[in-house]
Amino acid sequence: MRLLPPALCASPGPARRGGVTPGTATPPRHPLRHGQPDLVSPGADPGIRPSSWKNGCGVVFLRDIPLSLMHRRVFPEEQQNPPPVRFAAPQISRVPPRPCQPKVSSHFSVSARCCLLLGIQDTTTKFPSRTGLSVKAPMEMWSTSSTEQFYRIPEGKGPHSVGCTDLMTENAVEGSFLRLYYPACDATDIEEARWIPDKEYYQGLSDFLNLYRVVGERLFHYYVGSVTCPAKSNAAFKPGEKYPLLVFSHGLGAFRTIYSAICIEMASQGFIVAAVEHRDESASATYYCKRRSVSESQEETTPTMEKEWIYYRKLKTGEEERCLRHKQVQQRAQECIKALNLILKISSGEEVTNVLHSNFDWNSLKDSVDTSRIAVMGHSFGGATVIESLSKEMRFRCGIALDVWMLPVGEDIYQNSIQQPLLFINSEKFQWAENILKIKKLISNDTNKKMITIKGSVHQSFPDFTFVSGGIIARFFKLKGEIDPNEAIDISNHASLAFLQKHLSLKKDFDRWDPLVDGIGPNVIPGTNIDTSPADPE
């Protein structure tokens, strides 16, 4: 089934869909602007929106499907002859109540009911590789039978247990907001952290994906509401050594918690990881705490702080995307530097006020950070943030850009170049010629800058959604590629650790993965699978 999906943590449009097929110069049929969720077909009449379901090669637009159709099966004859469907506003009464759901740890169940909810059928069994790269180890085929399957965010494979806690400074949007992952003392009696901690994030994801909030919030809450990440919430920090620091930047439409598989692995291997939540209106949702106005008589019974939510900002009509994204990436880089300063301040023993009032002992982080070993890492828009951060802050000794989106990067970066080592880890399906040419321009002939591609991977092989989804959900949103998600993230993490060991001068055994940095190994290639040679004139 060929679906036109939105991409969490990605730049929608032609860029996200990987540009053109190698060796051709044919642009996508409907070029969409970056940053605009593409669930609504371009140029569709607002009164009647056709829902297009075609067996094996159709396009599905979620918002084209009224709720009355979202709760019944789509029959084969309808797939072959899709009727025009009039747009219908959502009715809360049409959404069935959520069944009682048991609490589970780090996983949730996905069944065939999700297929019925989305009003689509799984009519294909394999996605052919656009570029012809073959994956050596076949991935598991996701079943959509009535038997429920369980999916789990992978635990860290390193020697350390992992804890996490949230930190917010200042009662204003200018403050810092991050989730800290760290080596922790063993504790079996502490609960794991919630993966998505507030319902407002469901609303933000719904907005980003062009879903009605009433539908999206119920769907997200039902399927991922009880998911936890395998890190102990506010667990005691493990003292005794100084750890390297890694600042992580999320992608477009994401937020601080949904790259926990990467951050937890890094923490288990002995890193302190500060996953920043950006407030540049590129996150699906974020917030800051502000003081509530209450009378003296209400002070004892009413909380004095309230959350002020900031949601994803879509492009305005006629607005040039590059200008907006460049402005945002400047703010993002400053937020990464601010997070770096904050963690170093805590490590130096200075008092920091956390407005979230967690019971984590921040004094335990005193003298915990190795200030000579600091790096920055990010995915997609976060990859562009890595580049900007390296150009502004030399304390970042190296950077790792996961499936980077180069549009936001300013021209001055190419002129002045980046002095620090930089590793680009790309998926097979996301990149396109123009983006790759910009990466190559930045790499130039610097041997400390590398690019590799993971075979069979997609843009969503890096965030956690690839682990907590199965069947039709994964296919519809392109959350999984042809490679097993666990193998893809292992390749990415191992290459990252080998790169960090070399350029942070770590005394670890990560050098056993050095060949991956050069693109040598199963399901990885050096450079790119994208043909960047000029197209032959017709």
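Me: Rings of Phe, Tyr and Trp, the last by its six-membered ring, pair if their centres lie within 6.5 Å. How many aromatic pairs does the count come to by this rule?

Reply: The model is a predicted one. Its count comes to 17 aromatic pairs.

Me: Why is the pair of Tyr182 and Phe237 called tilted?

Reply: Start with distance. The ring centres are 5.9 Å apart, and the limit for a pair is 6.5 Å. Now the planes. Stacked needs under 30 degrees and edge-to-face needs over 60. The planes of Tyr182 and Phe237 stand at 45°, so the pair is tilted.

Me: What makes this pair of Tyr182 and Phe237 a tie between parts of the chain?

Reply: Tyr182 lies in strand E6 (residues 177-184), while Phe237 sits in the loop between strand E8 (228-233) and strand E9 (243-249). The two parts are 55 residues apart in sequence, so the pair ties them together.

Me: How do you know whether Tyr182 is buried or exposed, and Phe237 likewise?

Reply: Buried means under 20% relative accessible area. Tyr182 has 1%, so Tyr182 is buried. Phe237 has 5%, so Phe237 counts as buried too.

Me: Why is the pair of Phe381 and Trp405 called edge-to-face?

Reply: The centres lie 5.4 Å apart, within the 6.5 Å limit. The planes stand at 75°. Edge-to-face takes angles over 60 degrees, so the pair of Phe381 and Trp405 is edge-to-face.

Me: Where do Phe381 and Trp405 lie?

Reply: Phe381 is in helix H8 (residues 381-392). Trp405 is in the loop between strand E14 (398-402) and helix H9 (411-416). The pair ties together parts that are 24 residues apart in sequence. Phe381 has 0% relative accessibility, so Phe381 counts as buried. Trp405 is buried as well, with a relative accessible area of 0%.

Me: Which residues do ring pairs link into a cluster?

Reply: Phe177, Tyr201, Phe255, Tyr287, Trp309 and Tyr311.

Me: What makes the contact of H6 with H12?

Reply: H6 brings Ala261, Ile262, Glu265 and Met266. H12 brings Ile489, Asn493, Ser496, Leu497 and Leu500. By class, that is six nonpolar, two polar and one charged residues.

Me: How do you know whether Ile400 is buried or exposed?

Reply: Ile400 is in strand E14. The cut-off for buried is under 20%. Ile400 has a relative accessible area of 0%, so Ile400 is buried.

Me: Which residues is Ile400 in contact with, leaving aside its neighbours within four places in sequence?

Reply: Among them are Val376, Val386, Leu422, Ser496, Phe499 and Leu500. Ile400 and Phe499 are 99 residues apart along the chain, yet their C-alpha atoms are separated by 8.6 Å. Ser496 and Leu500 also belong to the H12 side of the contact with H6.

Technical notes:
Residues numbered from 1 in each chain as written. Predicted model: local features only at pLDDT ≥ 70, side-chain atom pairs only at ≥ 80, totals over all residues. Heavy atoms only, no water. Contact = heavy atoms within 4.5 Å. Helix = DSSP H or I, 4+ residues; strand = E, 2+ residues; numbered from the N terminus. Nonpolar A, V, L, I, M, F, W, Y, C, P; charged D, E, K, R; others polar. Buried < 20%, exposed > 50% of the residue type's maximum accessible area, 1.4 Å probe, protein only.
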